[in-house]
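Take a look at the structure below.

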Amino acid sequence: MTEEHRNYIGGKWVPAGSGETFESRNPANRDELVGTFPRSGSEDVARAVEAAGQAYREWMATPVPERADYILRAGLILERRKDELSELMTREMGKTLKESRGDVQEGIDFCFYMAGEGRRFFGHTIPAELRNKFSMTVRHPIGVVGLITPWNFPIAIPLWKIAPAIVSGCTSVFKPAEDTPLLATILVQVFEEVGLPPGVLNLVHGFGEECGESLVVHPDVRAVSFTGSLEVGRHIAETCGR
């Protein structure tokens, strides 16, 4: 039987508050049901943002090399499961198996790169204009971030957003494309497996107009990272600008 999947909020797998779901099907064989997923709305997004907010202070205080170690361990799991994830990607979103393998490998490579950034999290010292003054900068996370990703690179692009958020000390709410929800679920399960603390990474499934929009307009989301259409990108830029 095809599994019914859930959102991941505050370290727990939960259904949408409304109980509504949607299906993910193999685009090359519409008779094959890949899975069913929660159709999340504003209440689900609000719970995810709240969980991320509660986790933020402790995560911000976690040493950067320790934060980056979660990324390294996730990359090692993805490396071990590369063939499995590549085959699933081809089934769920339709690219050729060769392209799917490249997508997963790109995600693995980026995990290893960002894990290294945990040892290079440098600030700057700056020459001061005034006597007896010392100037320096340090990096500081900005808080809860919203991560919205497309269907065409369903492992690589989420990791472009998730890994930097984790290393920098931000907590996040991840809203994947409704066309590739199973790959997003497995990706979050990998971070759960390596022991990422509850609330640091939250997952809400759903559609852009209901779920994505709620994430963009939420007052406690300090930044949005979006990859998708020009039209939606302009809308998000205008909304966040205000």
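## Cysteines

The sulfur of C240 lies 14 Å from the closest cysteine sulfur, in C170, so the two are too far apart for a bond. A disulfide here is a pair of cysteine sulfur atoms within 2.5 Å. The count is zero disulfides. C111 is in none; its nearest cysteine sulfur, in C170, is 17 Å away.

C111 is buried, at 0% relative accessible area. C240 is partly exposed, at 42%. (Buried means under 20% relative accessible area, exposed over 50%, partly exposed in between, with a 1.4 Å probe and protein chains only.)

## About the model

This is a predicted model: local features need pLDDT of at least 70, side-chain atom pairs need 80 or more, and totals for chains, interfaces and linings use all residues. Residues are numbered from 1 along each chain as its sequence is written, and side-chain values use heavy atoms, without hydrogens or water.

## Helix α5

Helices are DSSP runs (H or I, at least four residues), numbered from the N terminus. Helix α5 covers residues 156-168. Its 13 residues should span 18 Å at 1.5 Å a residue, and its end C-alpha atoms are 18 Å apart, which agrees. The expected span is 1.5 Å times one less than the number of residues.

Eleven of the 13 residues of α5 are buried. Among them are I157, L159 and K161. Just after α5, G169 takes a positive phi of about 95°.

Key:
Helices (H or I, at least four residues) and strands (E, at least two) are DSSP runs, numbered from the N terminus.
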